[in-house]
Each structure stands twice: as C-alpha cells, then as structure tokens.
Amino acid sequence: MTHRTSGRTGVLAAALGAAVLVPTAVVATPAAAATAPTVSCTSGKSGLAAKLRQDITAAMAGRKGTIAVGLRDRGTDTTCTLRESTAYDSASVVKVTVLATLLWDAKKHNRYLTSREVTLTKAMITQSDNNATSALWKQLGVTKVKGFLTAAGMTQTKPGANGYWGLTQITVRDEQKLLGLITAKNSVLSDNARAYILKLMGQVVSSQRWGTPAGAPSSVSVHVKNGWLQRATHGWRVHSVGTFKGAGHDYMITVLTQDNSTMSYGVTTIQNIAKAIHKDLIPATTSRYAPTTTPRESFVAVPPGA
C-alpha cells in the first residue's frame, strides 16, 4: 500500500508541476513581445500602410538604440507610429514649443512680438541659439509653457525643471500634435503665428538641416528642427521633427532616439527612416534632398553629472 500511495503522490506531483509550468511559459511570451514594439501604419491609399511598415522596419534593422517614430500625411490619410508615448529628453526640439508658447501668449494679449522677441526667436530656431532660448524660457515662465501645452492637448509633455528647458520630456504623439497645429488652421495658433513658425523652420542654417529632411523630394517645401544631447544614462539623444508639403502631400515626421553610441550614429538612424518615408510617399522623383555631411546642433545644458 505504501508503494501504491507513493506512486499516486508522484503522479500527482508531476501533474501539479506541469500545471505550474504551463502558465509561466504562456505569461512570458507577451512580456517579451512588449519589449519590442513594432511599427503600426494605417492609410487611405491601398498598399501604402504595408509598404511603409515594411520599409520603416527595414530602415531600423540592425540599428541599436531606442527609436520612436511618427508620420502623418493628410494627402493620403496615412499615419505610422512606433513608441508614440515613450518620453525622451527634448534637447533643442523643444525650441519649437517655446516659440509656439510665445505666439500663443501674444495672441491672448492681442499684441505683436517686440523687436527683441523677433531677434530672439529667429536666433532660437534658425541657429538653435541656446542663450536666446533661455531668455525666452525665463520671460515666459513654466506656467505659461504649461498653459500652452494644455491648450494644444500636449498632455504627455513635461517642461524641464530649474531652467533646464532641454530636459523637457517629449513624446512622438505630442510632437506630432504640435506639428499638426503649425500646419493647419486651428484655434490655438493664429494663421500669422503658424506662418511665422514655418518661415523660421524653413530658414534653419544648412549645417542643421539634417534628419527628417533627408531624401525629401525637391517638389516639397521643408521645415525642420533638430536636437541632440548626451547624458550619463541612455547615451546620446538625437531627434528631428519636420513638416513637408507639395506634390499632393502634406505630411509631418517625428523621429526621437536615445541610447545612441555617438551623435552621428543617431543622425544616420533618423535619416535612414526619413529616406524610406519620403520614397514611399512620393516615389516618382529623382531629385531628393541630401543633408549636410557635417551635421551641427547646439549642446543644451544639463545638470552636472547627469
């Protein structure tokens, strides 16, 4: 009897062991998948979503780092996203938000920009001047910046503390919202304000016209703002936002990256993705924008040792 009881116990133990192991294996699979999100695309044009998803994914193949992508094309009702809600240190990309906040606030007070503000905003966007940005950030104050973010529906953006505007937390979703406001009539930014932002983004110095404009066809207008910074954790952050209009298309691209080994590595990653997007949206063209081979950007301030 003892032998039989022991046998039953052994069988029961084996069955219980199997029951415990099976759920563990099932749970592990989605957890692993969650660490590697995939590009998601939709489009009103037949076959375009699948092609963009395939080509953006191929452009990122073998690239190290954490990459977030946003695309919206009004012309074909197309959107693509990857890690759209992942937060990144903004670096100089936040300068577009600073300019939009200033113009939004001026509209509220029914006034034009002063000559000083015109000088500062032009330097901030076209040359990515940090001193000009700091002056405007201080003038506005975080409360007004938050006010604009609320009005714009940019609920995932968190202004940098203690004057470190370059450490503002941004996401693809919110940057795409901002680009959307800049490029279409809305109640947040006046038509004059939108035109002014696009004008300055279209006049960025050549050494800073890298990133999302790479591979853009000559038939579209290009407006861009980039940024980069290096920190002790997550290495180099390298970002680019751009809007493009022409040839029946009206689209905006945001690519945010971190964990890059060098600045140039991040630039290459962004430009590989941008080239794929431009080619898929407007394939029938031979003349495409070749960005500078010596990209530049301003290094924004970060806390010591951070």
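Contact here means heavy atoms within 4.5 Å. The model is predicted.

**Exercise 1. Describe how helix H4 packs on helix H7, starting from the axes and ending with the residues.**

Step 1: Locate the helices. H4 covers residues 115-126, and H7 covers residues 191-201.

Step 2: Take the axes. They come within 8 Å and cross at roughly 50°.

Step 3: List the partners. H4 contributes Val118, Thr121, Lys122, Ile125 and Thr126. On the H7 side they meet Tyr196, Leu200 and Met201.

Step 4: Sort by class. The contact of H4 with H7 holds five nonpolar residues, two polar and one charged.

**Exercise 2. Find which cysteines form a disulfide, and characterise the link.**

Step 1: Search the whole structure. One disulfide turns up.

Step 2: Apply the cut-off. A disulfide needs cysteine sulfur atoms within 2.5 Å. The sulfur atoms of Cys41 and Cys80 are 2.1 Å apart, and the two residues form the disulfide.

Step 3: Read the torsion. It is 115° about the S-S bond, and the link of Cys41 and Cys80 is right-handed.

Step 4: Cys41 sits in strand S1 (residues 40-42) and Cys80 in strand S3 (residues 78-82), so the bond ties together parts 39 residues apart in sequence.

Notes: Residues numbered from 1 in each chain as written. Predicted model: local features only at pLDDT ≥ 70, side-chain atom pairs only at ≥ 80, totals over all residues. Heavy atoms only, no water. Axes fitted to C-alpha atoms, helices over the stretch in contact; angles between N-to-C directions. Helix = DSSP H or I, 4+ residues; strand = E, 2+ residues; numbered from the N terminus. Nonpolar A, V, L, I, M, F, W, Y, C, P; charged D, E, K, R; others polar.
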